[in-house]
Structure formats: structure tokens, C-alpha cells
Amino acid sequence: MSTEITYDAAGETEVTMGASNAAEDAAQLQGHASEAPSQGDGMGCHAGAAEMEAAARMAGKSEILDQYAADYPQGPHDKPQSMCPAFGSLRVGLRMRRVATVLSGSACCVYGLTFVSHFYGARRSVGYVPFNSETLVTGKLFEDIREAVHQMADPDRYDAIVVTNLCVPTASGVPLRLLPSEIDGVRIVGIDVPGFGIPTHAEAKDVLAGAMLKYAREEIKAGPVQAPASGKSDRPTVSLLGEMFPADPMMIGAMLDPMGLAAGPVVPCREWRELYAALDCGAVAAIHPFYTAAMREFTAAGRPIVGSAPVGHDGTANWLAQIGDVFGIAADKVAQAQNQFLPAIKGALAQAPIKGTVTLSGYEGSELLVARLLIESGADVPYVGTACPKTPQSDWDRDWLQARGVTVKYRASLEDDCAAMEAIKPDLAIGTTPVVQKVKELGVPGLYFTNLISARPLMGPAGAGSLAQVVNAAIGNKERMDHMREFFEGVGAGDTAGVWEGDPKLRPDFRAMHQKKLDKQARAAKAEQMI
């Protein structure tokens with residue numbers, strides 16, 4: 001059933017979420033404390049993923065881990081190589097106005113996450129609730145977290161506080177669900193983002209986005225909510241799912257305009273009240289197709305989901321047709337929008353051709369869209385790898401690519417991406433940092449996907465020619481790469497890696513002895529499997 005949204009006439013929300021029952025909380029917390037394994041029991045951040053997951057299930061986290069396993073399927077291998085997944089949810093929270101972020105995890109993890117977040121431009125503090133084995137086992141850590149959110153809950157400063165459990169508190173069963181859902185009008189949102197449950201940082205963005213949409217949907221069901229700062233649109237809107245270049249939502253809005261539609265908020269949102277406007281849409285465009293939890297909330301609100309994105313000529317034509325079908329718009333109106341923008345896209349592609357073979361990989365979720373744009377620009381793209389999972393919302397993009405002979409690899413590992421690059425020997429490899437490092441060692445030009453490709457417009461006419469300059473410039477650097485490789489040949493690799501005053505002394509006997517130990521361990525492990 002479709003959710004109807006009522007905005008408060010005074011511009012203020014009338015919805016409050018009651019605090020949880022104190023006696024019930026204490027009883028559940030006591031149960032958590034008795035079950036929680038300590039860092040001294042081997043559940044520190046050095047423990048393996050399997051051990052930490054088993055501990056988390058013993059401590060009462062089976063339901064959330066099962067949900068993560070369904071939302072973010074991992075196969076065919078354990079986990080793609082990516083930065084700590086919690087960076088994704090942390091970044092979403094830090095980009096929202098009037099939202100505070102608190103981390104609960106090992107100090108080394110919190111340090112790394114705060115360092116990376118400020119490296120990427122965060123301009124606010126990250127809260128941290130420290131712990132030790134005693135406070136973890138006795139349940140004092142949860143009490144410290146609850147005290148921290150009570151101290152921080154200032155409605156003049158914050159609309160919401162996001163509390164995130166990292167690996168160790170999740171494995172130990174720290175029950176963020178027992179936190180009050182609201183304190184003095186400040187919403188409290190608790191999420192678990194363990195590295196052993198969330199495959200990539202891109203999907204961790206969905207964890208928080210989904211949790212916030214769920215909270216906002218419950219507020220909407222309870223009564224009138226705060227209107228958007230810009231006011232309610234007088235046209236039906238299309239909410240946009242997935243982070244994108246700032247100009248892209250405006251371009252999408254321009255393409256929707258001839259059909260009498262408007263672009264709604266981008267999820268993840270930048271302000272809490274935007275969540276209400278996002279839910280108050282006619283349809284959702286899953287620009288990034290892996291936001292499973294967010295799509296579940298939109299579906300529960302009765303909002304249809306449209307896959308793919310208006311990228312390139314064919315993609316834009318298909319996407320506008322899908323939007324028209326969902327809204328029941330007359331065929332001539334859809335054709336008007338297509339005829340207004342498709343010639344401009346085709347012209348932009350023709351004016352900015354790309355010549356060369358390109359392999360593409362990344363973990364942002366837009367890899368298939370970028371590959372389509374490169375191919376329509378004239379590039380040969382035989383391989384696309386994405387660390388994100390296969391979802392129905394990416395079906396059209398995958399089918400389009402495969403029809404043109406492209407190998408599409410979901411949940412691609414670093415080894416997958418490097419093997420494809422080495423086999424294809426492209427003119428340019430676009431990928432993650434280790435892929436670019438590897439390709440440059442081979443004397444092949446490389447571009448970092450996150451900073452140099454996804455930081456450009458992709459949608460409509462603006463995106464059609466946006467990649468040509470940087471891609472063609474990189475392909476043109478082949479001679480320079482050859483010169484650099486020749487200059488550094490034999491330096492900084494293998495036995496000569498590092499700084500030496502003289503030639504390194506090789507000890508093949510030590511290597512042979514160590515290899516025998518490894519072979520023995522491998523045989524023992526294989527024998528255990530047979531048993």
C-alpha cells in the first residue's frame with residue numbers, strides 16, 4: 001500500500017519516538033553482558049572474519065547478519081578488496097547537516113576511519129566511545145554509549161545522532177537497538193557495520209541510508225512531518241538513489257521536465273527532512289543499483305523502482321521510456337523528451353571520441369554506467385569489474401554490455417581485475433589504487449576510478465563528452481610510461497625493493513626452507529578438510 005505523507009503546516013515535525021522501557025533494557029543488556037566475548041578471548045580486531053561472525057551470532061546478532069547476507073551476497077569469493085566498509089556509512093553521516101556521528105570500535109579502526117574521512121574533506125568531529133575488555137564484557141560499553149548520546153542530544157544542534165558499531169562491538173553483541181530512539185527531539189540511529197558482514201564501503205552507505213529511511217517512514221506513519229526546506233514540488237518527483245556528481249541531478253531534472261516531472265532528493269540525503277521528500281516521490285531511480293536496504297524502504301512505501309540511468313544515447317532513451325511507463329505518461333510526451341536530448345547526446349559523443357582499448361574496474365557501483373559511456377564514445381571495453389553485487393536494477397546495463405562482447409564481473413576481486421588487465425594488455429586501465437599501481441609498473445597508463453572518473457558528470461548531454469579529455473590524455477601518455485619504465489628498470493621490485501647501500505645478499509636456502517614449511521602447512525590443511 002502506498003504511503004501518504006502529510007507535512008506539518010508550521011514547518012515543524014510533530015512526531016516523537018518514545019524511549020525504550022528501562023527495565024526491559026536492563027534485562028536485555030544483562031543477557032548481552034553474560035554472552036559477550038572479550039578481546040582477551042581472541043575477539044580483538046586481529047581475529048579472523050569467521051571467528052568474529054561466529055561470536056556475533058552467539059551474542060545475539062544473527063538476525064542482522066542474516067539480513068546483511070541477504071542484502072549483500074558475497075559469492076563467489078569471501079570479500080572483495082576494498083577499504084573498511086564503515087567508511088561508507090561514516091561518510092554519509094558526515095555529509096549530512098545537523099547530524100552527529102559516533103563510532104564504537106577498536107581505537108586503531110577509529111583512527112583510520114577518522115583520518116580517511118578528514119582526508120576526503122570532512123569538516124566536523126567524529127565522536128568515539130572507547131572501551132577495553134572489561135567494559136566490553138560487563139556491558140559498561142553500552143552504558144557509556146548511552147551516556148554519550150544523552151550528553152550529545154542537543155536539539156538546537158542536531159536532528160539526529162548516528163551510532164555505529166564496528167567489528168569488535170558487533171562481534172561482542174553490543175545492543176544498539178536498546179538505545180532510546182529519541183532524546184529531547186534528537187533521533188538516535190544505531191547501526192552495525194562490521195567488516196565481516198558488509199562486503200564494501202559502497203554498501204555500507206546503503207546500511208545507513210536504509211536505516212534513516214526506515215526511521216523517517218515510521219515518523220511519516222505517526223503523523224505530520226517537516227516539509228522540505230525548498231518546499232513541496234508541484235510536480236510528481238523521481239527520487240535519485242546513489243551518490244553522484246553535483247551537476248547530474250540538475251541534468252536529470254532537465255530531462256524529466258518535458259514529461260511534467262521533477263527530480264527529487266538524492267539518497268543518501270544531506271539533511272534529515274530530505275528523507276521525507278525522498279519518500280514522497282512517484283518513483284525511485286536506482287542510479288546505483290546496490291542500495292538494497294533503501295529500496296526495501298521505498299518498496300514498503302509503495303514507490304516503484306526504475307533501474308539503470310540516463311547515461312549515453314541508448315541508456316537515456318531506455319531510461320526515459322521506463323520513467324514514462326511507471327508514471328503512465330503519454331508516448332508523445334516521452335518522445336518529446338527523447339527528441340529534445342538524444343540528438344544533443346549523440347552530437348556530444350561524436351565531438352569527443354575515444355580511441356583505444358580500456359579495462360574498467362572499481363567499487364563505487366557506477367562501473368557499468370561508465371563502461372557504457374566509454375563504448376558509446378568509441379572505446380573498446382572488453383572487461384568491466386565491479387566489487388558490488390548483481391542486482392535486478394543493473395540488468396539492462398549488463399545485458400547491453402554483454403551484447404557488445406563485454407565480460408561483466410560482479411564481486412570482482414583485485415586478482416580478477418589484474419588478471420583481465422594483464423591478459424588484455426589495454427591502452428588504458430581504469431581501476432582502484434592497487435590496479436593502477438600494478439598497471440603502471442607494467443608501463444601501461446592507468447587512471448584511478450574514484451578520483452578521476454566518478455568525479456565527473458555522467459548524465460545526459462553533460463556527461464556524454466565528459467570522459468574524453470582525461471581518458472585520451474591518459475592513453476596519450478604511453479610513450480612517457482615506457483620511458484619511465486626503462487629509466488627505473490630493475491629498481492624497486494623483487495629482491496631490489498627498498499633502499500640498499502649495496503646489492504642485497506640472496507639466501508635461496510632460506511627461501512627453500514620456508515617454502516617447505518608452507519607446503520607442509522598446506523598438506524596439513526588439506527588433510528583436515530578430507531577428515
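Strand β6, residues 237-241, is mostly covered, with five of its five residues buried; buried here means under 20% relative accessible area, exposed over 50% and partly exposed in between, with a 1.4 Å probe and protein chains only. Strands are DSSP runs of E with at least two residues, helices are runs of H or I with at least four, and both are numbered from the N terminus. The model is predicted: local features need pLDDT of at least 70 and side-chain atom pairs count only at pLDDT 80 or more, while totals for chains, interfaces and linings use all residues. Residues are numbered from 1 along each chain as its sequence is written, and side-chain values use heavy atoms, with hydrogens and water left out.

In a regular strand the side chains alternate between the two faces of the sheet. In β6, Thr-237, Ser-239 and Leu-241 lie on one side and Val-238 and Leu-240 on the other, and both faces are covered. Strand β6 pairs with strand β7, residues 262-267, in the parallel sense over four bridges; two strands pair if DSSP finds at least two bridges between them. Leu-241 has Val-267 of β7 as its bridge partner. Between β6 and β7 the chain passes through helix α10, residues 247-256, in a right-handed β-α-β crossover. Right-handed means that, with the strands pointing away from the viewer, the path from the first strand over the helix to the second runs clockwise.

Strand β6 is also joined by three bridges to strand β8, residues 283-285, and the two run parallel. Here Ser-239 stands opposite Val-284 of β8. Strands β8 and β9 run parallel and are joined by two bridges, with Val-306 in β9 as the bridge partner of Ala-285.

Another covered strand is β1, residues 99-104, in which six of six residues are buried. Six bridges join β1 to the parallel strand β3, residues 160-165, and two join β1 to the parallel strand β2, residues 127-128. Val-102 has Val-163 as its bridge partner in β3 and stands opposite Gly-127 in β2. Together with helix α5, residues 107-119, β1 and β2 make a right-handed β-α-β unit.

The remaining features concern individual side chains. Rings of Phe, Tyr and Trp (its six-membered ring) pair if their centres lie within 6.5 Å; planes under 30 degrees apart count as stacked, over 60 as edge-to-face and the rest as tilted. The count by this rule is four aromatic pairs. In one of them, Phe-290 and Tyr-291 are stacked because their ring centres are 4.8 Å apart and their planes at 25°. Both Phe-290 and Tyr-291 are buried.

A charge sits over a ring if NZ of Lys or CZ of Arg is within 6 Å of the ring centre and within 35 degrees of the ring normal. Arg-404 lies over the face of Trp-400, at 3.8 Å from the ring centre, and the charged end of Arg-507 sits over the ring of Phe-510, 4.1 Å from its centre.
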